[in-house]
Amino acid sequence: MLLPSFYDFCCRVRTLSGINALEQIPMQLGRMHASHPMIVSDKGVGAAGLIDKVIQALGDGLKIGAVYDQVPVDSDYKVVDDAAKVYRRNGCDAIIAIGGGSVIDTAKGVNIVASLGGDTLLAYEGFGAVKHPLRPLVVVPTTAGTGSEMTLVAVIADPDRKIKMLFPSYFLLPDLAVIDPRMTLTLPDFLTASTAMDAMTHACEAYFCLEKNPLSDSFALRAIQLISQNLLNVVKTPGDLHGRLALANASAMAGIAFSNSMVGMVHNLGHTVGALCHVPHGVAMSIFLPYGLEYNLGKSADVIGELLFPLAGPEAFHATPKKERPAKVIAHLRQMNEALHAATQGKHPRCLKEITGRDGAQLVPRTLLPVIAEAIMLDGARLTNPEEFLPADALPVLERAWEGMPLGH
Amino acid sequence: MNTSRYPEIKPGQKWIKRFYLAIMLWTVGKAIPVAAKVDKEVKKEIDKLPNNFTLRLMVLPERAFPPFFYAKMLPAFVADKGLLPYGLQMILHKDKEGKLHYQGADPRGKKFDLSMAFKSLEAAMMVFTFRESSPTGYAHDRFVVEGYLPNATIFMRVLDIVQVYLLPKLIARLAVKRYPSWSEMSPLKKHINRIIIYVRAFTF
Amino acid sequence: MNPTSTQTTENFEFLFYPKVVSGQCALENLPTELAGNDAQKPLVITSQAVARNGLTKILVKAFYDSAVVIGAIYDPVLDYAGISQAQQAARLFSERGCDAIIALGGGPVVALAKAVNVLVSERQATLQPYYNGTPIAGPLKPLIVVPSGASDGQEAMPAMTVDNRAIASESLYPGVFVLDGRVTIGDSPSCVAESGAIALAQAFTALTMEAPNPMIDALAHPSLDLLARYLLPAVRRPKDKAAGLAVANAAVLASAACANSGTGSVFVLGEALAAATGVSLGKCLGILLPFAIGALRQSSRPVRDALCLAVAGLEGFAAIPAQERPNKGLEMAAALARELKVALPASLQALRVQHHLLDPVAQAAAQKSAGRFTAAECRAILGRAWEANA
């Protein structure tokens, strides 16, 4: 853990974690002088009964001002403005977001408009537009993977201009993240696998990408260890509350790590196949992670080798000579993907060609790979990858990942 | 208490560093449109930007100093150098035909589709004296990006290639992650391009 | 870190409030940090010692070519934070129309800055209502801390000690820590050793907490890791920029970890001793720490592997057989604390602490610990520390 020449770190999110964490929300909101929260969520979360679970846990101590459960998968500013109106009409004074990335981003956007005034989120576009504290925002993540509860940016689409607007501000960090395993208990096995591998990727990339620092390293190591110790068990025994909690904690810690150290080519590729082929983010992450590590061996072999410690445990780490560790790390991750594939009866894909949509059709046709390779240039994660990563470099990676073959040097 | 013991302090300016950065920004600004003509890699990247697109690279804070009416009296060639009066800026415009132009340092009356701003003079110095490569600068939060992020990554790729042209190999290796092997280009072509960029950047 | 020790079965809570900006050109980030909080005119609070070392000049230089005007540099602080100085600085703050506070230095400077912030943000003339239990409403004005080499371990905590009376409130967290090697250099070996001893005690406390909390571990781990590698070099060469920066980083993280874990037995004992003898907390902790760790080794209290991992590093930890790790961790932490003897007195006797004071100190500490340990245990540690006999 060397001190880098420069780093910055911020995660001013109070974290409550545990099997009864939800019950503590009213007390925590009281500390922030709020008593009338609005719940922001989506239909899927509502259908899974999670909103009811939260409301039940909140008990009588808190009066819910409004429930807005209309957040779509790709949220845009109109949804935000709409929700902000609901917030005002009901005189709410805080927001509780229950859901995954899209819900959390929307809630951040609603908080901007609701706290700073105005009718539309568009007025706050651009860097540094939000520079005052906002109303209390409580986040209850329902997927143990995205880590959005720990990030300071809200990504919200503008369908008219066909762009994604970024709202980065430290004031957008939630005030409270509530990690309760009851929220992830009903997640099906293949989603548990892919979201956990998403968190694993956050932690691994945080550990070897350009802005790594002692704090992000420390959070990343612990996250990797928790996932590697618990993931397979949880996929096999979905009702394991302690295992679920460990994964949810790991996801939050990976979120802290990557939001302070940025990500690299694995996310670059993942974002691109997500945008072009609608591959679920977690699935793309689990497939590309071994390739990302392999590709960066030239510049970061030592750092990548250290990942063997949390992945395989200290004894295996000690027993492996330093030179062989990086290869072992990559092999270990591939093995994990294989094991998850087996444990989910093939629903967790191991390579791009195995990814299928709802109708069973292949999501990533081989002919599209050159287009994907060109499109990687549009994503910022390319910049923080240790090794230069250009379309000509991406194509062989994509081809191997399509087949499920190691990169080889 | 005698409050005059604790006077108000108006921080000054680092003129030499400002001057250095003004020259660097001016050189890069002049070189990019030329590079877009002679280097096919740069051209490919620039083509990805939409037409009628204005971008700038600047050092915060942006300020009208000296006051606005006074600044108007300055001849254009002074304002263009970025020393006065609008702070350090480099403005590039891609017109309707897709041609790139350097537009000096005067932001008046322009609408920017993309702004990349170094947080401070010293942050800009870190990158422009090549103590930090531009990706490292990005990772170290030395600058903030306003606008559509994919366009910023395109611009940073262009900056990388132009730096390779403008700088001797020894220095350029510090500025980019991987020095290109030029395998697709003959050494002769590389040096001819380099000379063209230099000559045209400094003459037109 | 075996599976059972990292798997939390209980609820836990965690907050690491301040943002940390550290490294090259960190000072030059100050204008942006201020702008991000909508502030343009900070009041700088610092101590005479810091001003004497020319650090205020470095700070002013960092604001060159920015839109920031420094409202004033208030620099008469000595080694004590008192209300009269806080009131003076608060008057300066409002007279000049400032909108943020920068604390340049550690310990009393930061405490004073927090006090000034309460006065100006809550529009109060004194801190009296808060001593009497009135909560600080908040939010306060932006407070940025630029630590020097000297720290009292309270900087990153939601608390302040003014006129020797403590006030705790969530609002007292500083917003940003800006750590720059040009400022984090130490005055003298003993000053660095004292700050290091406090950080060491805090990180040790966090990593030996009985209820495991993976996030506190993750925060305290880099702190102890940095101390293990940089504390001795920094004590030997207080002007070494890299070592000084690393120790300052460790101090901030340890302080933040301690804000989560609560003060441990070593700390309570150190504070009681410092209060009874008038010796600085850093010196007390530096002397007590090896003996307190020794006492923990002899007791049957379980110690988690997290301590060993932080102090030994990945490679070192993996090389130690699993069952020996807790003990080895304690041993290495004690060895690290003993190394501070190059700059600190070796025993309480050498500090000229009266032997008859030990009993009342032990009792006071046991009382403050709320039943976590007995006066006899405290007395045993003090006795060994008095004779320097491990």
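**Helix packing and a chain-to-chain contact**

In α7(A), residues A:L232, A:V235 and A:K236 meet A:A339, A:L340 and A:A343 of α14(A); two residues are in contact if their C-beta atoms, placed from the backbone, lie within 7 Å. Helices (H or I, at least four residues) and strands (E, at least two) are DSSP runs, numbered from the N terminus. This contact divides into five nonpolar residues, no polar and one charged (Ala, Val, Leu, Ile, Met, Phe, Trp, Tyr, Cys and Pro count as nonpolar, Asp, Glu, Lys and Arg as charged, and the others, Gly among them, as polar).

The model is a predicted one, in which local features need pLDDT of at least 70 and side-chain atom pairs count only at pLDDT 80 or more, while totals for chains, interfaces and linings use all residues. Residues are numbered from 1 along each chain as its sequence is written, and chains are lettered from A and ligands numbered from 1 in the order in which they are written.

Helix α5 of chain A covers residues 101–116. Of its 16 residues, 13 are buried, so α5(A) is largely enclosed by the rest of the structure (buried: 20 or more other C-beta atoms within 10 Å of the residue's own, with C-beta atoms placed from the backbone). After α5(A) comes A:G117, with a positive phi near 90°.

Turning to the chains, 42 residues from chain C and 41 residues from chain A take part in their contact. On the side of chain C, the largest share, eleven residues, comes from β1(C). Strand β1 of chain A runs antiparallel to β1(C), joined by eight bridges (strands pair if DSSP finds at least two bridges between them). Here A:S17 stands opposite C:F12.

Note on methods
Expected span 1.5 Å × (residues − 1). Buried ≥ 20, exposed ≤ 12 C-beta atoms within 10 Å, placed from the backbone.
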